[in-house]
Amino acid sequence: MIGNIKFYVAVVIAVALLFAGTGCKNKAASAAEALPQSNQVTGWEKVGETRTYTPSNLSDYINGGAEQYIKAGVKDTVTSDYKFQNKIEAVADVYTMSDAQGAQTIFEADPAGNAKTVPLGDAARSYSQSLVFRKGPYLVRIVAYQDAPEVQQALVDLGRGIESILSK
Amino acid sequence: MKEKQQTSRREFLKTCVAGTVVLGASEGLAFAEKAQEVITARKSKVVIATDASLRTGSGVDPKRALALLDRAMKAYFSTRNPVDPWKKLVRPGQVVGLKVNTIAGPGLSTNRELVAAIAERLQQAGIKPYDIVIWDRTNRELQRAGFQLSSELNKVRCIGTDAPGVGYEDASESFGSVNCRVSKLLTQTCDVVINVPLLKDHGMAGVTLSLKNMYGVINNPQQCHSNNCNPGVADVAMLPSIRKKVVFTIADATTCCYEGGPRFNPQYAWEHNSIIVGHDPVAVDYTGWQIIDRKRVENGLKTLEAVGRGPKYIAVAADTNHRLGTNDPKHISLVQA
């Protein structure tokens, strides 16, 4: 009798773990899919593979910047290089935090400076060469490596593309 | 006493800033007239060279980068010939590494034109192209920063520690709080290394420049970031291979960032158009710290110390356990070239 109970408990735990694992995989996959493919957003080409970082290796990507994200509860990070109209290089990062509070903590840690607010996600800041916004547990950061008059709007457009995928 | 120290730091800062303003105007004068040396025995010499017209269009002009480098090196080594300083640093037959910093991508990595200028002068000093090795942690980061990978004979090498057949030593080295495996590019490939870091704000360390750039030499930098990288930065710089091989710093301060680092946050990046050179990495880092603080204040931000990010590791690197250099402005001979 006791043996049967143990068996059922083991089965329940195994099934729970299986579902938990599947859930994690789906979450990671959805974050990776948040990075638009080439021409999914007009003018933007995805020029690099999607790279994924966990809290344990995030410092490989952002060095000393990682600690701030880990403290705020980052679960995983996906990033890819982009090119706008074949001349402006950029990088887009999507950080999946454990909750919306984590995304807000990171978002608010940076001084707003001369940012423009744009209607994007739950809150957004747009600079001439970068865009940061948060939506639920996601913190999205896009940075262009060159400056040009059209860059700021182009970054907002790419941000909107990411936001629409995250909303699905 | 505290007031005295503050005054001293203020004067040092004033020198940093005044030099930057004066330097653009001084171009075209003979070297001897330009170099405003403050030579005092037993002081650590640090040279800052600036060129307000360093850029043409979107990038750094290679010719002006070479001229800027020459100005800094001639002032540091008190020579008239631009090749002579290099002969005091390296000798033919040696493999010379140039440890750059490329983690932040193309917007905020060691400037390629500056590195090319260094490679050019090294060759003129008798170092074969293949014996010059531009290196950093990974091939990918080097490429993203615009460096072209190469392992071809008769060409300057450019390679990351993660390249096939490279990697980190199996045996670790220790000092104080750190235990690290060091890149084989440092231990096996290079005879000497010139450190070519980039001046940046750093969210944890406060400042990243000469000493912090050594995190790109070890296998486990993520384990050395606790307590604002202190004493991690100083301890890593004490690892035997690093102390033995890294002989000089040519710090890139052409494009720097005063906040939001070490990543590229364009809104906090600025074109300082300078390089800082010296044998003493602590003195170079102290000088870089003052430049960042000055820029922060100019832009309405508090100093790094005031926001709890003062780079404490700089003082630790100078303490009796480390003795990597001096952080005392009274013992730094700051030269504007």
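1. Let me start with Asp293(B). Leaving aside neighbours within four places in sequence, Asp293(B) is in contact with Thr303(B) and Leu304(B); contact here means that C-beta atoms, placed from the backbone, lie within 7 Å. Asp293(B) sits in helix α11 (residues 281-298) of chain B, where helices (H or I, at least four residues) and strands (E, at least two) are DSSP runs numbered from the N terminus. Asp293(B) is buried, with 24 other C-beta atoms within 10 Å. A residue is called buried if 20 or more other C-beta atoms lie within 10 Å of its own, exposed if 12 or fewer, and partly exposed in between, with C-beta atoms placed from the backbone. From Thr208(B), Asp293(B) is 85 residues away in sequence and 13 Å away in space, C-alpha to C-alpha.

2. A word on the source and conventions. This is a predicted model, in which local features need pLDDT of at least 70 and side-chain atom pairs count only at pLDDT 80 or more, while totals for chains, interfaces and linings use all residues. Residues are numbered from 1 along each chain as its sequence is written, and chains are lettered from A and ligands numbered from 1 in the order in which they are written.

3. On confidence, chain A has a mean pLDDT of 85, with 82% of its residues at 70 or more; pLDDT is the predictor's confidence in each residue, from 0 to 100. Do look at residues 17-29 of chain A, where the pLDDT is below 50 and the stretch has 3 contacts in the model beyond near neighbours in sequence.

4. Which residues touch the most other members of the largest nonpolar core? They are Ala72(B) and Ile275(B), in a core of 143 residues. Such a core is a set of buried Ala, Val, Leu, Ile, Met, Phe, Trp, Tyr and Cys residues joined through C-beta atoms within 7 Å. Not counting residues up to four places away in sequence, Ala72(B) touches Val47(B), Ala49(B), Ile275(B), Val277(B) and Ala337(B).

5. Chain A has 5 helices and 8 strands, and from the N terminus on they follow the order α-β-β-α-α-β-β-α-β-β-β-β-α. Of the 168 residues of this chain, 39% count as buried.

6. Strand β6 (residues 123-126) of chain A runs antiparallel to β7(A), with 4 bridges; strands count as paired if DSSP finds at least two bridges between them. Arg125(A) has Val132(A) as its bridge partner. β7(A) also pairs with strand β8 (residues 138-144) of chain A, again antiparallel, over 6 bridges. The β7(A)-β8(A) hairpin has 2 residues between its strands, and Gly136(A) in the turn has a positive phi of about 55 degrees.

7. At the interface, 17 residues of chain A are in contact with 20 residues of chain B. On the chain A side, α2 (58-62), α3 (66-71) and β4 (88-97) each supply at least two residues.

Definitions and conventions
Contact = placed C-beta atoms within 7 Å.
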